[in-house]
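Work through the exercises below with the model open. Try each task before reading its solution.

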Amino acid sequence: MDRSALKAVAEKWLRFWQGAGLHDFDEVHSPCFVDRSAAGRRSNREGFRRGIAGLYAAFPDFYGAADCFVIDEAANTVAIRWKATGTHEGVFLGIVPTHRRIMFEGIEIIRIGGGQVVERWGEWNGIELMQQLGPQPTETGT
């Protein structure tokens, strides 16, 4: 795929992080999609869909915006550096809602084949996010 086609797929994929809902999810993700950063969930397309749904359950106003795209035509990959905001209104990573507004950043790399995302690698600044959610009670309640 050429540069503009790769970027178009990446931009369509990014809409899932911008409140677009999941109605086009199967159109954008290949049936053989593999999430290489599954973080405890299934690494297939359905596991990834559930991960996005869980994120929106915890942060209903979640919004991720791309800072930049780095496109590698030879490898059919797009790296996306992003920043996201949201309000913590549901349980996230075992943390009950704090109702705090958060901002954190990360990087996604997606590989595209046949006009669909076939693989995804993602890293985000979990420490920064956890610090914003604040201290959590320990098992002893202190």
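**Exercise 1.** Find the residue in β4 that stands opposite tryptophan 82.

*Solution.* Tryptophan 82 faces glycine 106 in β4. Next, the strands: β3 and β4 (residues 101-113) pair antiparallel over 11 bridges. Pairing requires at least two DSSP bridges between two strands. Strands are DSSP runs of E, at least two residues, and helices are runs of H or I, at least four, numbered from the N terminus.

This is a predicted model: local features need pLDDT of at least 70, side-chain atom pairs count only at pLDDT 80 or more, and totals for chains, interfaces and linings use all residues. Residues are numbered from 1 along each chain as its sequence is written, and side-chain values use heavy atoms, leaving out hydrogens and water.

**Exercise 2.** Describe how β2 joins β3.

*Solution.* Strand β2 (residues 63-72) and strand β3 (residues 77-87) run antiparallel, joined by 9 bridges. Alanine 65 has lysine 83 in β3 as its bridge partner. The two strands form a hairpin with 4 residues between them. In the turn, asparagine 76 has a positive phi of about 55°.

**Exercise 3.** Is threonine 87 buried or exposed?

*Solution.* Threonine 87 lies in strand β3. Its relative accessibility is 13%. Threonine 87 is therefore buried (under 20% relative accessible area; exposed is over 50%, partly exposed in between; 1.4 Å probe, protein chains only). Beyond its neighbours within four places in sequence, its contacts (heavy atoms within 4.5 Å) include Phe59, Pro60 and His99.

**Exercise 4.** Classify methionine 130 by accessibility.

*Solution.* Methionine 130 sits in helix α4 (residues 126-133). At 33% relative accessible area, methionine 130 is partly exposed.
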